[in-house]
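Subject: Structure for your files

Hello,

Here is the structure you will be working with. My notes on what was found in it follow below.

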Amino acid sequence: MVTSMHTHTCGELTSSDVNAHVVLTGWVWHRRDLGGLIFIDIRDKDGYTQIAIDPVCCSEETYACAQKLRSEWCVQIAGTVRLRPADQQKTSSTTGCIEVLASDITVFNASPTPPFQIEDKIDLSEDMYLTYRYLDIRRPRTVQTLQKRSDFTFAIRQAFHNHAFMEVETPALFKSTPEGARDFLVPSRIKKGAFYALPQSPQLLKQLLMIGGVERYYQVAKCFRDEDFRADRQPEFTQVDMEMSFVTEDDILHTLEQILHEAFAQVGVDMPIPLPRMQYWDAMDTYGSDKPDTRFGMEIHNLTSGFTSSEFSLFANAEKENKRICCICAKGAGNWGRSRIDKLQDVAKKEGAKGLAWIAFTEAGDIKGSIAKFMSQDEIAYLTREMNATAGDLLLFCVDTRLVADEVMGALRLHMADALGITRSGHAFLWVVNFPLFHWDDERGAYAAEHQPFTLPRCESVEEIKANPLGIGSYTYDFVMDGYEAGGGGMRIHDPKMQLDILELLGFTPERARAQFGFLLDALQYGAPPMGGFALGLDRVCMLICGTESIREVIAFPKSTSGSDLMSAAPASVSEAQLRDLHLRVDK
């Protein structure tokens, strides 16, 4: 890649370039002074090249400059490519067989000793690498991760374009329409006491585009949510957003599979299509999660019907109390000590369980456990058969309502997979479909939308929903990758009356619905087409493609776990003059 300042990058020279005169630019990475010959590695985003500085082959000025060079100095080096001695050649890198014999060195900028080595194999604290993120980006793995993100983003844009989608930018300043997470608010200088909101997603705007006749829209959209932080969450994030009109759910899933298959292939990830589809409750009952990691087994079994006559009252009464006996088999954990097994209670209780029962089949042939004494020989035989239990296995039980038992077992399943070192290699993709329309929000004492309040229910009328609010499904679909919700979407309500009725079921008065969503309700009256869409979490998908532990590693300038930008010290206070312009006063 030739520019006016260099003829090649530091990662592209090979033996075919021997005897060529080249100019390289980059940063000094490693330096070795052999008491005459000086060797340095010069590095840029594409790789590194070894430079040899021989006092016999360069000017005194160049050699004196080389003696001063230190780590992370920014330099330009001119010289001639030559082969390294045969015993010093390295096949592990593109440039490993050659070196450049320097004839001239220009120092663009010196550097103090960096706060950490610019190497992949160092363990940095979050505070350190976020404070000096510009130096962390110089590390080969970090810059390669950002390159992979760039490649995938370009590939998915290209795939959408090839499938006749129009890229449309939607506003970053819009109306506050909170749907769960808190909005980031932006005060208006012109309109006193009024606020814009940064978008949590372009959801309503893309529905308006469908009403406007765009038909196939996509956008790589920056979104904002003022919520608590986790390893796979950030206050600002990027999603690949899309919407289609005059389509069914099958049309959307088929189109998305084609687009995702093409985009993943461009970054070396094979996504076989068509993807399997799993009903929401099948995912919950089998894996204890609506984003199941299907790369390993340890599925959940419902054993309720096998213990209706048990002497153990907790099991015997489960069916009468509308509860389930759920069980997983952790192979290889049957010889764990009692204290280690008892610690699993904490995992279960964190998910809402009142307790955890267990039976261990030891290698010695014994059966032990918190409920072993209550089990008859027939029941042990039933467990052995149903759970495929053998010597060395540990059975874990939860008795609770369907959702709680599923979630407890799901958390234990993942915990035990980690504890037992079960390999989860490669990628696994699937759709989870038909989520419930509503769930009950204990905190608010009201129904809440499982996905969002604009989702099309799987029923013909609002009367059906009112008769059984928690039993109605929806035209929804989540894209699951490696046990993460990598994206999600659904069909939209395109009938204005049904939309207003759904909002009222969610606790909106007609006046509040009109105040918050009046522009949407008005637009739906003007011949709104059947429509549906999807949003892919770009940061999360890139995290999985790159094999990093956090989305922070695939974002150029991420926030810390407390939401701070440690590099710039944001958020920060502003001047009284700025506050006056915005008609604000801070109560400290």
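What share of the contacts in the chain with a separation of 6 or more comes from residues 24 or more positions apart? The figure is 68%. Please keep in mind that this is a predicted model.

Overall picture

The chain has 588 residues, and 49% of them count as buried. Its secondary structure comes to 17 helices and 22 strands. The C-alpha trace spans about 95 × 75 × 55 Å along its principal axes.

Nonpolar cores

The largest nonpolar core holds 70 residues. Those touching the most other members are Phe 152, Ile 156, Met 242, Phe 264, Trp 431, Phe 479 and Leu 536. Helix H6, residues 249-265, supplies the largest share of this core, with 7 residues. There is also a second, separate core of 26 residues, with Ala 330, Leu 344, Ala 348 and Ala 417 among them. As background, nonpolar side chains tend to be buried together in soluble globular proteins.

A helix pair

Helix H14 (residues 496-505) and helix H15 (residues 510-524) have axes that come within 10 Å and cross at roughly 155°. Angles over 145 degrees count as roughly antiparallel, and H14 and H15 are therefore roughly antiparallel to each other. The crossing of H14 past H15 is right-handed. On the H14 side the contact is made by Pro 496, Gln 499, Leu 500, Leu 503 and Glu 504; on the H15 side it is made by Pro 510, Ala 513, Phe 517, Leu 521 and Leu 524. Sorted by class, this contact has 8 nonpolar residues, 1 polar and 1 charged.

Asp 120

Asp 120 sits in the loop between strand S5 (98-109) and helix H2 (126-131). Is Asp 120 buried or partly exposed? Its relative accessibility is 34%, so Asp 120 counts as partly exposed. Apart from its neighbours within four places in sequence, Asp 120 is in contact with Arg 139, Pro 140 and Arg 141. Asp 393 is 273 residues from Asp 120 in sequence, and the two are 39 Å apart in space, C-alpha to C-alpha.

Regards

Note on methods: Residues numbered from 1 in each chain as written. Predicted model: local features only at pLDDT ≥ 70, side-chain atom pairs only at ≥ 80, totals over all residues. Heavy atoms only, no water. Axes fitted to C-alpha atoms, helices over the stretch in contact; angles between N-to-C directions. Helix = DSSP H or I, 4+ residues; strand = E, 2+ residues; numbered from the N terminus. Parallel < 35°, antiparallel > 145°, perpendicular 65-115°, else oblique. Left-handed = near helix turned anticlockwise from the far one by under 90°. Contact = heavy atoms within 4.5 Å. Nonpolar A, V, L, I, M, F, W, Y, C, P; charged D, E, K, R; others polar. Core = buried A, V, L, I, M, F, W, Y, C linked by side-chain atoms within 4.5 Å. Buried < 20%, exposed > 50% of the residue type's maximum accessible area, 1.4 Å probe, protein only.
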